[in-house]
Amino acid sequence: MGLSGGVGSGVDSGVAPGVALIVGLGNPGIEYQYTPHNAGFLAIDRIAERCGVVVSNRRSKALTASAQIAGRRVLLAKPETYMNLSGLSVAALAKELEIDPQRQLIVLYDEVALPLGSIRIRERGSAGGHNGVKSITSALGTEEWLR
């Protein structure tokens, strides 16, 4: 996908065709803020901080921010739905941005099968019991997206 590499600074006010969508999964609400289940939200916050942007624009049932990563325009997103309805927001954003989920979508989320602090990157796969992943797969109609 060409998004590997360092996080660069930069802000774009709009989103153009060819933009990548990076979604972090979590649950809204202060009671969930720093829980492991909100790892996706925390990752998006960290990426946004490194890019010098704030994830505060509302669109397609998500908080979003436009940024540049490794010279590529990206939209960072944190769905405002609860985890089990994340697919509603992700599908709406994918449709609005006219992206190909196989090539332009990355979803960040917690994985209970991995030790805390570990990362696994997969191009496809089953939900493994994760309700957010189930919701996204159902809404997109495919398991073919980077996670």
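Modeller: Let us begin with pairing: two strands count as paired if DSSP finds at least two bridges between them. The model before us is a predicted one. Here arginine 59 stands opposite alanine 62 in S3. Strands S2 and S3 pair in the antiparallel sense, over 3 bridges.

Colleague: In what order do the strands of the open sheet lie?

Modeller: As a general idea, strands of a sheet pair through backbone hydrogen bonds, either parallel or antiparallel. In this structure, 5 strands form an open sheet in the order S2-S3-S4-S1-S5, and the pairing is mixed. Strand S2 (57-59) and S5 stand at the edges with a single partner strand each, so one side of each has no neighbour in the sheet. From one strand to the next, the twist averages 35°.

Colleague: Which residues of H1 are buried?

Modeller: An α-helix has 3.6 residues a turn, so residues three or four places apart point the same way. In H1, the buried residues are Gly40, Phe41, Ile44, Ile47, Ala48 and Cys51. Because they cover an arc of only 125° around the axis, they lie on the same side of H1. Arg46, Glu49 and Arg50, on the other side of H1, are exposed.

Colleague: What covers the buried residues of H1?

Modeller: The cover includes strands S1 (20-24), S3 (62-69), S4 (72-79) and S5 (105-108). After H1 comes glycine 52, with a positive phi near 75°.

Colleague: Across which strands does helix H2 lie?

Modeller: Helix H2 (residues 86-97) lies across S1, S2, S3, S4 and S5, and runs at about 165° to S1.

Methods: Residues numbered from 1 in each chain as written. Predicted model: local features only at pLDDT ≥ 70, side-chain atom pairs only at ≥ 80, totals over all residues. Heavy atoms only, no water. Buried < 20%, exposed > 50% of the residue type's maximum accessible area, 1.4 Å probe, protein only. Helix = DSSP H or I, 4+ residues; strand = E, 2+ residues; numbered from the N terminus. Arc of directions from axis to C-beta. Contact = heavy atoms within 4.5 Å. Axes fitted to C-alpha atoms, helices over the stretch in contact; angles between N-to-C directions.
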